[in-house]
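I open this page of my notebook to record what I looked up in one protein model. The sequence and structure come before my entries.

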Amino acid sequence: MPIVTVQQGPRDTELKRDLVKRITDAFVDAYKIPAETVQVWIHEVPTDSWGAAGKLTADK
C-alpha cells in the first residue's frame, strides 16, 4: 500500500481534495493498483513555522 506524504503550507479544502484525487489516480495508473490501497497524508505547516532562503515564509 503506497503512502504519499505532502508537506505544504495551508491550502483550501477543495484544492487538497483535488490533489489527493490526482495523486491517487497517478498511482493507480502507474502501478495498476486499486485506488483503495493508496493513502495520501497532508501535513500543513503554518507559514510562521517554516522558512526558506533564510526567511520565514510568513515574512515573504
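My entries on the model follow.

I note that this is a predicted model, in which local features need pLDDT of at least 70, side-chain atom pairs count only at pLDDT 80 or more, and totals for chains, interfaces and linings use all residues. Residues are numbered from 1 along each chain as its sequence is written, and side-chain values use heavy atoms, with hydrogens and water left out.

**Elements.** I found one helix and four strands in the protein; helices (H or I, at least four residues) and strands (E, at least two) are DSSP runs, numbered from the N terminus. Their order from the N terminus is β-α-β-β-β. The radius of gyration (taken over C-alpha atoms) is 14 Å, well over the 10 Å that the globule rule gives for 60 residues, so the protein is more spread out than a compact globule. The globule rule is 2.2 Å times the number of residues to the power 0.38.

**Extent.** I read a span of about 45 × 20 × 15 Å for the C-alpha trace along its principal axes.

I recorded 17% of the 60 residues as buried, meaning under 20% relative accessible area with a 1.4 Å probe, protein chains only. Of the contacts (heavy atoms within 4.5 Å) between residues at least 6 apart in sequence, 58% join residues at least 24 apart.

**Annotation.** I looked up the UniProt record, an unreviewed entry, whose annotation "domain: 4-oxalocrotonate tautomerase-like" covers residues 3-59; such annotations may be inferred rather than shown by experiment. The end C-alpha atoms of residues 3-59 lie 32 Å apart, and this span is 33% helix and 28% strand.

Note on methods:
Buried means under 20% relative accessible area, exposed over 50%, partly exposed in between (1.4 Å probe, protein chains only).
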